[in-house]
Amino acid sequence: MQQLNIFKLILIGITGLVTLLLAITIGSLLFVPSLASIRQNLGSPELLYSLKLSLCTASAATLFVMLLALPVGYTMSRFQFAGRRLVKTVLDLPIAFPELVLGLCLLLFFGSDHVAAALKKVGIELVFTRQAIVAAQIFTALPYTIRIIRTTFDYVSPRYEFISRSLGYTHFETFMRVALPMAKKGILAAAVIAFARSIGAFGAVLILAGGTYMKTDVLPITLFLNISYGNLDLAVTAGLVMLAVSFLAIYIFEKTEADL
Amino acid sequence: MTLLRIENLQIQAGEFQLCDISFSISTGDYCIMAGETGAGKTFLLESIIGVHRCLNGRIYLDEKDITCMLPEYRGIGIVYQDHALFPHLNVFNNIAFGLKKQFPKKKRQEKVHAVAEALKIDHILKRPIDNLSGGEKQRVAIARAIVVRPRLLLMDEPFSALDPLTRQKMRRLLRRVIRQHRMTVLHISHDPADMWLLANKVAYMHEGRLLQFDTLETMLNNPAHEKVSEFFGRPSNRGKRIRFFPPRPAATREAY
Amino acid sequence: MKSIFKPVIGVIIILLLFSGLSRAGDCLVYAGAGLKRPMTEMIGSFEADTPHRVDINYGGSGHLFGMMAMGRPCDVFIPGAQRYVDIAVEKGWIDEADVVRLVKHIPAIVVPQNNPSRINSLQDLVKPDVRLALGDPRACAIGNLAEKILKKNGIHERAKTRTRVYGPTVNQLLLYVMTGRVEAAIVWKDLARWPENNGDLQMVEISECRNIIKYIPVAVTLKGRKNPAAESFAAYLASTGGLDLWRKWGFEPCSSLISSN
């Protein structure tokens with residue numbers, strides 16, 4: 001008979017326990033409201049508003065994040081330069097940053113009179129507006145996205161690009177024709193994570209955009225507001241919608257990751 | 001006529017560096033470069049195509065200083081051991097990749113078919129690259145590099161991942177194609193058979209230095225460095241070589 | 001021998017830690033999160049003056065109320081608003097006679113340092129070009145109260161057009177004033193005391209006739225009645241020394257208490 005590997009059994013046991021714990025915790029969201037009240041709340045103008053706002057702002061944020069993260073991620077993956085370590089630390093810093101602190105920093109920066117005046121000239125207002133939501137989401141999602149894109153490019157051997165350049169393509173053409181298509185899946189995964197992070201961004205959005213009811217309340221803010229209002233059912237429904245988005249995001253991410 | 005001339009080249013990559021590399025290759029030469037793993041051979045090839053920044057020294061191509069020229073303007077092709085075919089393109093588009101900027105579609109097709117025929121891969125042009133055999137992949141990689149008629153072709157152990165029989169076939173095929181296209185080649189290999197069959201010059205690198213660059217006969221009989229004699233064999237006191245380097249294969253002698 | 005030694009020491013350390021954390025007090029107090037600063041000091045001086053030990057839970061008033069509803073023991077209940085005590089009386093957890101209106105909870109206007117928009121009264125809030133931050137009327141008590149005050153003074157509609165943000169939490173409002181994002185906000189006076197002392201913002205009082213003043217109640221629960229420590233603590237809160245501490249943190253004692261002391 002096979003001898004028992006106790007260590008392995010314990011590890012599997014702990015893994016099972018943690019999974020169960022997470023599943024039960026997340027699942028508890030499902031059992032609070034009745035199905036009827038979920039359906040009713042899903043149709044409420046409040047939730048529809050914040051869902052629409054969330055989708056719009058998160059899409060815009062994802063677009064900007066990708067436009068920024070692609071060049072930065074590529075740079076950090078490919079190039080050696082003076083101060084690279086410092087740049088890397090600065091880029092990673094917001095990951096370990098509480099979102100509220102990030103929000104405070106954004107408020108202090110974008111709210112300062114000079115910056116606000118300069119931005120206003122080009123039609124951008126980044127305090128208490130929907131643009132502020134997008135800005136907060138961008139800053140929340142950017143560091144994660146840069147990391148994923150950097151890792152993606154790390155997995156693409158630079159040799160492909162050397163070959164492309166030896167065949168007469170400029171660095172930019174090579175980036176477009178070789179690096180981008182080869183990193184396609186990782187980039188898609190990064191976009192999904194960027195979108196999910198943007199949807200879930202709370203602290204920074206609350207502080208920079210203010211979290212005004214029916215004006216700047218995206219899904220997490222709706223959840224928070226309704227807890228304060230004592231309207232638990234609507235809060236839970238908002239939570240369920242976000243849960244669905246995260247599930248979808250993780251599903252797509254896992255799928256693309258598996259193909260990588 | 002000298003095609004490639006390298007003078008006192010010095011390049012740094014992290015801890016590793018190439019020191020004081022000097023040699024020249026004439027038009028029509030076929031050079032094979034050997035050396036232990038980590039000697040800097042691949043790095044040297046990549047420096048010649050221009051993707052690493054030089055600290056010191058100069059590289060001339062056709063007597064023109066290309067030390068600071070971007071890779072895309074040098075016209076030097078490269079083939080890697082792991083073939084590095086673009087996974088998002090099929091065989092045809094891999095080969096046609098370098099032609100896209102210069103030639104119209106019709107001309108591209110002609111050129112690809114010609115080189116594919118020469119390398120006996122014209123039957124797989126429509127296939128995606130991930131279900132090719134090792135030998136086929138390597139031929140596609142070579143086709144991709146030579147279809148643009150590079151002034152100089154660099155190859156980094158193109159056969160080392162192949163089984164001996166395929167390697168033998170590839171070697172002959174390559175020799176024919178190279179001669180047909182009258183190409184100048186710098187080829188990294190440890191295989192004595194490659195040196196005997198393909199090369200008219202041989203080089204040996206060790207720890208970022210080029211120890212010797214000469215004909216194979218000279219390398220065998222007059223090694224300039226202990227490491228060279230270790231690799232190619234050293235005449236002992238009794239006139240016999242210790243560490244036997246195999247003689248030219250008899251079967252191919254007349255063909256050569 | 002050695003192998004068993006380490007785990008035993010570990011267990012002892014863990015037990016010690018737990019016993020340290022769960023040091024039992026004589027009296028359990030639930031207090032609104034906004035009262036943290038005065039209450040902490042209050043408990044310090046109470047414990048120094050008396051042999052009693054006090055355990056305190058801070059939280060949102062609704063949250064604390066929920067804990068009581070779930071049957072958690074509580075001797076003294078000090079929520080941020082009268083409403084919660086009223087419900088507790090209704091539910092029969094507290095006798096109405098044990099409820100004391102302790103200190104006033106006064107709304108006030110806060111403006112950035114140097115008061116750039118020259119706001120000196122409630123009416124000034126609706127001057128042109130004033131940006132206002134108010135609490136969300138449904139999410140926080142001060143938001144609700146601010147709305148009532150504005151309505152009472154007939155400037156609610158105009159104030160609405162000046163309002164740039166309805167913050168779900170009162171702390172946000174302070175932040176927006178301190179960083180100069182808005183020219184004014186209505187918050188609790190006691191909350192503004194600390195940043196005012198730091199020179200981060202200025203406070204503008206609302207004249208009493210225009211204002212609506214709330215009270216912070218202290219209630220000894222039915223369970224706490226049997227506990228001398230609870231009674232003693234509740235009394236301490238209303239004593240001269242206690243009221244001085246409240247004043248220090250920007251709460252004004254109810255006049256009825258001052259006269260009785």
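On the chain A side, three residues lose the most area to chain C: Phe128(A), Thr212(A) and Tyr229(A). Together they make up 35% of what that side buries.

This is a predicted model: local features need pLDDT of at least 70, side-chain atom pairs count only at pLDDT 80 or more, and totals for chains, interfaces and linings use all residues. Residues are numbered from 1 along each chain as its sequence is written, chains are lettered from A and ligands numbered from 1 in the order in which they are written, and side-chain values use heavy atoms, with hydrogens and water left out.

Chain A puts 23 residues into the contact and chain C puts in 15 (heavy atoms within 4.5 Å).

Now the charged pairs. The interface of chain A and chain C holds 3 salt bridges, each a side-chain nitrogen of Lys or Arg within 4 Å of a carboxyl oxygen of Asp or Glu. One of them joins the side chains of Arg138(C) and Glu46(A), at 4.0 Å from N to O.

By class, the side of chain A that touches chain C has 13 nonpolar, 6 polar and 4 charged residues. Nonpolar means Ala, Val, Leu, Ile, Met, Phe, Trp, Tyr, Cys and Pro; charged means Asp, Glu, Lys and Arg; the others, Gly among them, count as polar.

How values were computed: Buried area = accessible area lost by both parts, 1.4 Å probe.
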